[in-house]
Amino acid sequence: MRNSILTTTLGWLLLVGVVGCKKGGSPFTPSQGLLYYCSRGLPSGAWQVYRKDLSSGTIDTITRNPAYNYWWVEPSPDHTQLLLLRSPYGTSPDQFNYAQCELIKATADGTNQQVILPDNANGWYAFGNPHWHPSGNRILLIAQPTSATGPFYVATLDAFGTTPKLLTAQYSLDANWSPSGNKIVFIGLGSTGSVPLNFEVFTANYDYTANQLSAIQQITNDNTRDQDPCFSPDGATIAFSAGNALGTNADLVSVAVTGENRQTLVDDSGVHGGPINWGADGNIYFHSIYLLSTNFIGDVYNPTSKQYETLLKANCCGYISPYYVSK
């Protein structure tokens, strides 16, 4: 949930410059597929959605509405549709506005935009983090149903934005599907420590027919602010952001779904997080910021070579929410 890390602690203390050192040997660059992302010119442009062809370098503008900040994009499993989140335009660096947003469904080129979940729908005070079920027929998200200061829970909608159902009765953030759709991962509150350092990674089994969870299990027990979990394409590993309490430093970390074999993938002076997308090409896509050095940039980590590098960076612009799909 990005309005609590990477953004609210930053203000405009940013001077665009050189990023921190990258890990690994010789550089690599993904050369196939499409990369969706959100970007804006600084300091006052509206965030819009773009799509880059990694083979040709061609960039398509997907949204063109300066009245809104578009800050989330996820293609459907068949790559024909998009889920978008947008909020009324504002210049605040905290563009992840869960309390004032609309969930949009559009075709993959950005046309035929339809608001399928309006602001304050279902009596929810806030919502966000929408993800397509692998079937394409259901949407997982988080919702704040009780009050503007109350807890968030995991919820589902159908593909039309209707039939809402809360799946958890415990504080829950950043829910995401497994590749097969029979499990979810989310952030909950651990039994020790205090917020936000007791944000821990949980998994649960998911029954699609009954639309309910079972076997909820906490798989981390650490002293970091865990957020943005995402399954690997084979469903065996989870990548997530693990940071300090203030959100001024956060590493990219992975752990087996059993809770074993925790590994730090990216650890430097940056704040690395998401939404995190473990692409079908095996690479992990995320956004980062180096305080007092850069604005938001789009990064990619290769688990095989253990390298990461920046894909999206410019002095004029910020980049968030990268999402990879194969062509």
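This report describes strands, sheets, aromatic pairs and selected residues of a predicted model.

Local features require a pLDDT of at least 70 and side-chain atom pairs a pLDDT of 80 or more, while totals for chains, interfaces and linings use all residues. Residues are numbered from 1 along each chain as its sequence is written, and side-chain values use heavy atoms, with hydrogens and water left out.

## Sheets and strands

Strands here are DSSP runs of E with at least two residues, numbered from the N terminus. Two strands are said to pair if DSSP finds at least two bridges between them.

Cys-38 has Ile-320 as its bridge partner in β24.

A further open sheet has 4 strands in the order β4-β5-β6-β7, and its pairing is antiparallel. Strands β4 and β7 (114–117) stand at the edges with a single partner strand each, so one side of each is left without a neighbour in the sheet. The twist in this sheet averages 35 degrees from one strand to the next. Strands β5 (residues 81–88) and β6 (residues 102–107) run antiparallel and are joined by 6 bridges; Gln-81 stands opposite Thr-107 in β6.

Strand β8 (residues 126–132) is mostly covered, as 7 of its 7 residues are buried. The term buried denotes a relative accessible area under 20%, exposed one over 50%, and partly exposed a value in between (1.4 Å probe, protein chains only). β8 pairs with strand β9 (residues 138–144) in the antiparallel sense over 5 bridges, and Phe-127 has Ala-143 as its bridge partner in β9. The hairpin of β8 and β9 has 5 residues between the strands, and Gly-136 in this hairpin takes a positive phi near 80 degrees.

## Aromatic rings and charges

A pair of aromatic rings is described by the distance of the centres and the angle of the planes. Rings of Phe, Tyr and Trp (its six-membered ring) pair if their centres lie within 6.5 Å; planes under 30 degrees apart count as stacked, over 60 as edge-to-face and the rest as tilted. By this rule the model contains 11 aromatic pairs. In one of them, Tyr-285 and Tyr-324 are stacked, at 5.3 Å centre to centre and with 5 degrees between the planes. Tyr-285 belongs to strand β21 (residues 284–289) and Tyr-324 to strand β24 (residues 317–325), so the pair ties together parts that are 39 residues apart in sequence. Both Tyr-285 and Tyr-324 are buried. Elsewhere, Trp-71, Phe-96, Tyr-98 and Phe-152 form one aromatic cluster.

A charge sits over a ring if NZ of Lys or CZ of Arg is within 6 Å of the ring centre and within 35 degrees of the ring normal. The table lists cases of this kind.

| Charged residue | Ring | Distance from ring centre |
|---|---|---|
| Arg-86 | Tyr-68 | 3.8 Å |
| Arg-138 | Tyr-208 | 4.0 Å |

## Selected residues

Asn-69 is located in strand β4 (residues 68–75) and is buried, with a relative accessible area of 4%. Its side chain reaches the backbone oxygen of Gly-90 at 3.1 Å. Contact means heavy atoms within 4.5 Å. Not counting residues up to four places away in sequence, Asn-69 touches several residues, including Trp-47, Arg-86 and Gly-90.

Gly-270 lies in the loop between β19 (263–266) and β20 (271–278), and this glycine is buried with a relative accessible area of 0%. Apart from its neighbours within four places in sequence, Gly-270 is in contact with Asn-249, Ala-250, Ile-289 and Tyr-290.

The peptide bond from Val-195 to Pro-196 is cis, with omega near 5 degrees. Pro-196 is situated in the loop between β13 (183–189) and β14 (199–207).

Key. Polar contact = N/O pair within 3.5 Å; in protein donor to acceptor, adjacent residues only side chain to side chain. Axes fitted to C-alpha atoms, helices over the stretch in contact; angles between N-to-C directions.
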